[in-house]
Every structure is written in C-alpha cells, then in structure tokens.
Amino acid sequence: MKNKKEIINKIQIFIEKVLTLNRQGKMKYPKIVLCVIIFVFILNLLFPLKISYTYSKAVYSSENVLLTAYLTKDDKWRLYTNLDEVSPTLIKAIIEKEDKWFYWHPGFNLYSIGRAFISNLFFQKRMLGASTISMQVIRMNYPAERTYLSKFFELIRAVQLELNYSKKEILEMYLSKLPYGGNIEGVKSASYIYFHQSPQKLSLAQAVMLACIPNNPNKFRLDKSIERAKNFRNRFLKYFLANNTFSKEEVSDALNEPINKARYSIPNITPHYSYYISKLNNEHNIKTTLKYSLQEKAEQLLKNYVDRAKAKFVNNGAVLIVDNKTMNVVTYCGSSDFYDFANSGQVNGVVAVRSPGSALKPALYALGFDMGLITPKSKLLDIPFDFGGYAPENYDLKFNGEVTTEFALVNSLNLPAVRLLKSVSMESFVKTAFKCRFLRNKQK
C-alpha cells in the first residue's frame, strides 16, 4: 500500500500534467479537472479506504511447494495469490476478458460505463464489462445493492483504490478474492481444488475456465455443472481467437482438452510440521526451511523401517533432520503414517512429551567425573537392588555384575546409573542438567 507521501507525489504529477496540457492548449476546462483532482484527494483523506481480507494460512516448503493450508475463520479456502505464482496465460485471459485497459485507466473506464448505461437505458439489456477490475475489488470489499448510486460510489472508491495501491497490488487482491463457488475464493484455491495443481502450471483451457467461473460461480462450478462451464469456456476461447489474444493452435488444443468433474482436497503434506509451524506464525503465507525433496525420501525410509520392525512390536516412529550449519529444519516426520489411527499416527512424535530416559546418563556420568566420584575405569555394580521400593532393571532384563563406568555408559545400564545418582544427589544433578541445557524451565 502506498504511503501518504507517495499519494501526494501522484497528485502533484497529475496536476503538473494538467497544467502542461493547458499551456499547450490541449486541454479544455483545466480548472474543472484540477477541482476534481483536489476533491478526490480530500475525499481520500476524509474517508480512508479500508481493504481487509482474511486469508487462509498456507505453509510452503523452501522450494515453494504448498505443504498445506487452513480454512479462514469464516470457513473459506482463500489463498493469497502473488502475481509470480500465477500463469501469465491466466493473467492475460482475465485482463482481456474483464478489463483490457486495466494498466492505463485511473480506476474506471468512461467508454465502458457509457456503453453499458446506453444499453440499459435504451435497450433494457445488461452489458458486461462496465466494471473495471478496480471497481470489482471495491464491490467485493464493499458489497451493496446494484443501483446507479452504488455504482457511482463504487467508481469513486475505485479511484481511491488506485491512489492507495499499485496496479500489481490491486490485481493480486482481485485474483485472491474471486468467487469460485461454495467456499472457494481466489485463483490459487480454485486451481488446487479443481485442477489439483499450482496456478503456475495451468493449461490455456484451465486458465480460461478459471477466468470464466466467477461470472456465475454456482452455475459454472466444475464439481456440479461441468457442461455449462465447458460451453461458457469455449465461448470465450473463440472470443480470444477472434481478437488474436491466443493463437489458433493454442485455442484449438484448449477446445479439445477434456475437463474432469472433480473437487480435490487442498494438499496435506507433512501435517505434523505444518500444524506446528502455523501455530508459531501469524502470516498468511509461511515460507519454511523444509526441503520437500528430502521430506519425501525421509517419509519413505521411515515407513519402510517401521514396516520391517513391526515383528519386534515397533509400530511407529518419528524423524527430525536439522542442517547443522544453519540449524534449519529440513525434514520433519511426526509419525510414520499420519492416518494410522490404530497406532496414534496423529500424535507428533517429534514434540511429544516423553521420559528422557538414557539421554540424561551422559550428563550424570560427567557430573560424577567432575565430583571425583568415578573415572572411566572405575568399577560399578550392576546387580539387583531395591531403592526404597523401586527396583530398576536393565532393558535386556539381565545383570552384569561388576562393570567399568565405560561399559555401563556404552551399554546404557540402568542400575549403575541409579546408584551413581544416589551418590551425586538429585539436587546436584538437576542443577547440572539445567546448566548444561539438558532441562529447561517451563514457560509461563
């Protein structure tokens, strides 16, 4: 959005152009034009424009692959769309169909408005194309009954929109909010739900279809009215051919391209990671460090390992891979299968609270070294013992008798560790664990 300084500069440029044209004798009634410009500027200050859309929170990999997205609070699939995420073919089709002079007009097109007005007045026929893209953005943000008065205010607000936002920003608003039937809004949402792919990869037939559906979103929904949608699309493909918007070969291929009656789900890749990261970030487009290519390999390796280990009663697993140089998370598998309800697949094993178990033993033995209680070759007892009603066992349910400290740590024996903890005291060990960051205080 433009700041006040940019808006004032734009107004000054308009005024200078008007004065230049007046000096050259190329403009009549310059005072009226100047008064209109000043009037619009004052209105902009007195009645500031409020454009506020809530977008779906979307999570992307480092390669810009959409991992997943979430419904807005009003239960809409409304993915924010940047121009560089959209096929140039789709942008070209929408501008040619909706607003040919988008990049040149100040928010309204007098010729189109005049033509529509005459058609309504004399022929009782509603003409399409009177509203510019800027006016449509205003209508989507300020919905009102279709009257001449509301159209006038829409026009004024469209000029105000042009003052406050760049053409790129206005087009992105438009592409992000276009209705596509039901709870689908925006070309990116429609592209994933109707065609199961990014809007960057749309064919001409698909792009023109997305340009046509907003004319009557419920009538032309691809999951309900595919024939009507196809006929309407073909009408505009022929229109584009007649106007040389696209070549004969391109249009011919598009007319013959089949359309599938389907409604796909928004991608749900790495659900554990996506949910975790979305809770830490309030932006609607969340770019992560996760590498999708490595993620696919890690998921397959984890699944294969769990399948092989099921005979040993291993039914789940988790994987976290961090780039040691950057400390960025590059792979995150919360479970071997998110949809395995029988084995708690929806529990995120990466962050699930578990007993640290043997992970604390190196810190315990290090404290024993510091206190001079043991050395690597000290002899420790690995025999049954009762600690006030608690009788620990080793993981293999065996006892090794007298062993060295080195052997006890390498084999993760429990009894020597419990005996050593009693010698160093629980208080000393907890202090050391906090100091070494093995443990941390709970956040309030």
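**View 1. Cover over the buried residues of helix 13 in a predicted model.** Strand 6 (319-323) and strand 7 (328-333) are included in what covers the buried residues of helix 13, where contact means heavy atoms within 4.5 Å, and where helices (H or I, at least four residues) and strands (E, at least two) are DSSP runs numbered from the N terminus. The buried residues of this helix are Q295, A298, L302, V306 and A309; they cover an arc of only 70° around the axis, which puts them on the same side of helix 13, the arc being that of the directions from the helix axis to the C-beta atoms. On the other side of helix 13, K297, L301 and R308 are exposed. Buried means under 20% relative accessible area, exposed over 50%, and partly exposed in between (1.4 Å probe, protein chains only). The model is predicted, so that local features need pLDDT of at least 70 and side-chain atom pairs count only at pLDDT 80 or more, while totals for chains, interfaces and linings use all residues. Residues are numbered from 1 along each chain as its sequence is written, and side-chain values use heavy atoms, with hydrogens and water left out.

**View 2. The span of helix 13.** Helix 13 has 18 residues (292-309), which at 1.5 Å a residue should span 26 Å, and its end C-alpha atoms are 26 Å apart, in agreement with that value; the expected span is 1.5 Å times one less than the number of residues.

**View 3. The stacked pair of F220 and F232.** A search of the whole structure finds 15 aromatic pairs, in which rings of Phe, Tyr and Trp (its six-membered ring) pair if their centres lie within 6.5 Å, with planes under 30 degrees apart counted as stacked, over 60 as edge-to-face and the rest as tilted. F220 and F232 are stacked, at 4.6 Å centre to centre and 15° between the planes. F220 lies in the loop between helix 9 (204-212) and helix 10 (226-242), and F232 in helix 10, so the pair ties together parts that are 12 residues apart in sequence. F220 is buried, with a relative accessible area of 6%, and F232, at 12%, also counts as buried. Ring pairs link F220, F232, F236, Y239, F240 and F246 into a cluster.

**View 4. Lysines over ring faces.** K97 lies over the face of F236, at 5.0 Å from the ring centre, and K167 lies over the face of F102, at 4.7 Å. A charge sits over a ring if NZ of Lys or CZ of Arg is within 6 Å of the ring centre and within 35 degrees of the ring normal.
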